[in-house]
Amino acid sequence: MCGIFGYVGSENASPILARGLKNLEYRGYDSVGIATVSTRLEIRKGVGKIDDAKERLRLEEARGNVGIGHTRWATHGTVTAENSHPHTDCRDEIAIIHNGIIENYYEIKKRLLERGHRFSSETDSEVIAHLIEDNLSNRGGAASSNGSSFEHACVRAFQELRGSFAVLAVRQGEDKIVAVRKDSPLVVGLAENGTFFASDVAPFLEWTKDVVYLENHDLVVADRAGVRFFDQDFAEVKRPVSTVEWDLEEARKGNFDHFMLKEITEQAETIQRACVQDMAVVERIASMIRSGFGVFFIACGSSYHACLTGSYLFSKVANLHVNVVLASEFENYEHFLTDRTLVFAVSQSGETADVLEAVRAAKRRGSRVVSITNVMGSSLSREGDELLLMNSGPEICVLSTKTYTSQVVMMALLVCSLKGDPEECVQRVKGLYMDIYNLTSRSMRERLKDLARDLAGKDHIYMIGRGLQYTTALEAALKVKEVSYIHTEAFAGGELKHGPLALIEEGTPVFVFVSRDNEDRIVSNAQEVKARGGFVIGVSDWNSPVFDRWIKVPDCGDLNPVIQAIPMQVLAYELAIQKNLDPDKPRNLAKSVTVL
Ligand code: M6R
């Protein structure tokens, strides 16, 4: 959930760290800090976003060619300067930054306290700095031909940690960064001017596209001479260098005020790219579905909604039942898994801890796993038996927009492949290009801005739909609530009179998602709302007398979940703007949820 960035090379580290952290802010943003090493160790850290902290802490004035930086999303300990990273040892000579959770921190801390260490934060992370210090003073980390005493002290400390962690460590007087990764993302960038470490590739794209995706438990030592990789027993290993295909421009806002709007606008293109798959792999997956005994889709948040949409498509179009389970609830279903079960794990980031845990459980039971992710090199991209990439380019806004519609398109592609005609999907997706272009146009935005003005003061918004329009309502409600902080909830149209109708008062806004194939029933649900004073906003290709407001979208049949989601993303964006909120970084949320 936090962002990690490190640099060692020929340049002054602090301006590079400040830029890298800014690019990483979407991973967490309640506090920020850096440590640089010159003749001494310099720490600058505090609460707030990087732009404020940069000025206040004068981040770029820290000196040294070695530096580590962190942007925090609090887990252990409240949001205070003391709890922000880097954390140091008792003498302020060693500094570490950490992403993940140290499960055995309490017992380590207890032991270290007894040995006289003094702690200054409430975090689990701080134990790492003290452990390294302790190993050094114990001489447990004596130098060898295979590394300095600092490196050995780090290795011994890392070996003692349980949980998930990506850690970077530096020490006064040492011109190097020592790093480790276990169940938490960390990638290494190799550039002419030095070596970079980051939680994902986007923050260092402006310096290099040559990247090493670390294996679990890998240790790395980087200094000005280069970088070496080790396994957990500190035996040197080789790791392949890959080239990132993402474009630097894709990771920049360009002329847009926010990444959210940029990413919404990109969808005319990104859904086409979602169809560009190795059809031999798609066909192989389709035959795994046919021959499998039990198919599960597991995911969280918007990815879960895309899977739910997929389940309706599998049922309606391919006459196949698939199970969709929230990754965080999957442990309740694990006992159904066998070596004939097929598990689809869907995650934009490929680092969502709940999803990875479910994948590992499935593998333990011998099930085959198909990974669907946007991030090449992510844990998910490497842990499945088959891989499909979303090809959406970097998604920086905390909200999923373009990757959600890509996931829906990939579901449709799989379903068409099961029917033996993937090209049908490709052609239909091509046909959406102009529709999406129109739905994200300036004039459409003006209309939705107008609606946002009317809704911005509301405390509650409801959304209803049936079938594919129900899953669309779920996704639309998530978008609106997470970015506008308005309580927004979705219901299946048929469920209204089983309870939620009690919530409708004079003027309560209710969005109604309509498709041609179930219009009669959903319109009568809309009438039930209207009869109780509700304010009905229709999302459909025709205007009904029951609508108080109408968002016109073309009817695209099975691809309605793509086309109807887009104006709702725009509306969510406009609501955030109306309420003067930052749409790219909603409060309390992080892009990549790497803790359970
Ligand atoms: O990276 P993932 O697809 O695994 O992320 C899952 C959710 O955390 C994510 O979709 C989240 O719900 C977004 N904030 C939705 O906009």
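Predicted model: local features only at pLDDT ≥ 70, side-chain atom pairs only at ≥ 80, totals over all residues.
Biologist: How many residues surround the ligand, and which are the closest?
Modeller: 14 residues surround the ligand. The closest are Ser303, Ser347, Gln348, Thr352 and Glu482.

Biologist: What is the make-up of that shell by class?
Modeller: Four nonpolar, eight polar and two charged residues.

Biologist: Which side chains have a polar atom by a ligand oxygen?
Modeller: Among them is Thr352, with a side-chain N or O atom 2.5 Å from an oxygen atom of the ligand. For Ser347, a polar side-chain atom lies 2.6 Å from a ligand oxygen. For Lys479, that distance is 3.1 Å.

Biologist: And how much of the ligand's area does the protein cover?
Modeller: 91% of the 410 Å² of accessible area that the ligand has on its own. The ligand takes the space of the largest pocket.

Biologist: Why does the ligand lie between domain 2 and domain 3?
Modeller: Because domain 2 (248-430) and domain 3 (441-590) both give residues to its shell. Helix 9 (301-318) and helix 16 (468-484) each supply at least two shell residues.

Biologist: New topic, the backbone. Which peptide bond is cis?
Modeller: The one from His85 to Pro86, with omega near 5°. Pro86 is in the loop between strand 4 (66-72) and strand 5 (87-88).

Biologist: Where are Asp183 and Asn391, and what is phi at each?
Modeller: Asp183 has phi near 55°, in the loop between strand 8 (176-182) and strand 9 (187-191). Asn391 has phi near 60°, in the loop between strand 20 (386-389) and helix 12 (402-418).

Biologist: Why point these out?
Modeller: Because most residues other than glycine have a negative phi, and most peptide bonds are trans.

How values were computed:
Residues numbered from 1 in each chain as written. Heavy atoms only, no water. Near = heavy atom within 4 Å. Polar contact = N/O pair within 3.5 Å; in protein donor to acceptor, adjacent residues only side chain to side chain. Areas by Shrake-Rupley, 256 points an atom, 1.4 Å probe, with all protein chains shown as cover. 1 Å grid on protein atoms, 1.4 Å probe; cavity = no way out; pocket = protein on both sides within 12 Å on 5 of 7 lines; lining within 4 Å. Sits in = over half its atoms within 2 Å of the grid points. Helix = DSSP H or I, 4+ residues; strand = E, 2+ residues; numbered from the N terminus. Nonpolar A, V, L, I, M, F, W, Y, C, P; charged D, E, K, R; others polar. Domains from an automatic or database assignment.
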